[in-house]
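Please load the model in a viewer and keep the selection tool at hand.

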Amino acid sequence: MKDLVPNYGDFAKLQYGRMLWKLPAMRERLLQHWADPRHPHVERFQKWKGEVERLLSTEQGQDDDLDAELRKRGLSLRVVAREIPSVFGSFF
Amino acid sequence: MPRRELRHGHQVADWLEQLGAGLNEPGKMILIGSAALLWHAFDRGIQGELPEASMVVDPITDTEEIARVCYDCLIGSEFEREHGWHVNLMPELVLREFAPDWRDRAAMKSIGRLTLMVPSPEDLLRPKLRRGEPRIGSIGNGRVPLD
């Protein structure tokens with residue numbers, strides 16, 4: 001069922017995640033944060049790591065193609081974007 | 001528990017001043033939400049405060065360096081502990097909630113290497129009125145002047 005109200009948090013994680021993914025030091029920092037045992041979604045991220053990394057590495061202009069490819073596997077761009085973990089300032 | 005101590009326009013202005021002075025390259029930011037209303041009040045010399053304090057500043061940016069700085073100001077950060085509020089980067093998509101010509105009425109300011117754009121109070125209030133937020137339309141004892 002399509003969301004009627006955009007989840008701005010998910011869109012923000014995708015937009016800024018992609019922006020910072022281009023910076024090697026920030027990319028490393030994000031990966032370490034998401035793999036930190038203190039992160040509440042550490043186990044979930046391990047399951048989705050490959051898809052999330054691919055999504056963050058993809059340019060916005062390729063979103064339609066990426067979404068179409070994900071849908072062939074029963075996923076979607078929105079589903080994977082939702083799996084981008086949050087960042088908690090207390091240990092980032 | 002997030003801190004909720006953003007009441008005065010100078011708090012927003014001070015942070016923007018520091019951000020603009022610290023940038024290595026020119027950068028752009030659009031400020032929305034209650035913090036943007038506070039900024040307008042400060043910019044107009046209105047001495048007032050939010051009747052109910054906010055906990056967040058909501059910027060939108062396409063500048064990597066600014067995004068990087070904002071990621072150090074997230075909820076739970078040392079920044080929040082020091083300032084009593086945090087930064088919540090908003091996606092550009094949220095601008096669809098504003099009138100299509102909001103840029104025509106926006107305030108623009110250069111702060112060091114930062115180019116700041118702030119929608120007009122009227123444009124800022126429109127999404128809040130739609131959501132029925134209790135803080136809208138008043139700073140201090142009076143309403144936010146809309147002109």
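Which elements cover the buried residues of H3(B)? In this predicted model, begin by selecting helix H3 (residues 64-71) of chain B, where B:Ile66, B:Ala67, B:Val69, B:Cys70 and B:Tyr71 are buried. Their cover includes helix H1 (9-22), strand E2 (27-32), strand E4 (56-61) and strand E5 (86-87) of chain B, together with H1 of chain A.

Next, select the contact between the chains, to which chain A and chain B each bring 16 residues. On the side of chain A that touches chain B, helix H1 (residues 8-21) of chain A gives the most, with seven residues. That side of chain A comprises twelve nonpolar, three polar and one charged residues.

Now turn to the largest nonpolar core, which has 42 residues. Those with the most contacts inside this core are B:Leu31, B:Ala35, B:Ala36, B:Val57, B:Ala67 and B:Cys70. Elements giving two or more residues to the core include H1 and helix H2 (24-34) of chain A, as well as H3 of chain B. The largest share, six residues, comes from H2(B). Centre the view on B:Ala36: beyond residues up to four places away in sequence, B:Ala36 touches B:Leu31, B:Val118, B:Pro119 and B:Leu124. Another core, of seven residues, lies apart from the largest one; select A:Leu14, A:Val52, A:Val80 and A:Ile84 among its members.

Finally, select A:Asp65 in helix H4 (residues 63-72) of chain A. Is A:Asp65 buried or exposed? A:Asp65 counts as exposed because it has 11 C-beta neighbours inside 10 Å, and the cut-off for exposed is 12 or fewer. A C-alpha to C-alpha distance from A:Asp65 to A:Gln15 gives 17 Å, across 50 residues in sequence.

How values were computed: Residues are numbered from 1 along each chain as its sequence is written. Chains are lettered from A and ligands numbered from 1 in the order in which they are written. This is a predicted model: local features need pLDDT of at least 70, side-chain atom pairs count only at pLDDT 80 or more; totals for chains, interfaces and linings use all residues. Two residues are in contact if their C-beta atoms, placed from the backbone, lie within 7 Å. Helices (H or I, at least four residues) and strands (E, at least two) are DSSP runs, numbered from the N terminus. Ala, Val, Leu, Ile, Met, Phe, Trp, Tyr, Cys and Pro count as nonpolar, Asp, Glu, Lys and Arg as charged, and the others, Gly among them, as polar. A residue is buried if 20 or more other C-beta atoms lie within 10 Å of its own, exposed if 12 or fewer, and partly exposed in between; C-beta atoms are placed from the backbone. A nonpolar core is a set of buried Ala, Val, Leu, Ile, Met, Phe, Trp, Tyr and Cys residues joined through C-beta atoms within 7 Å.
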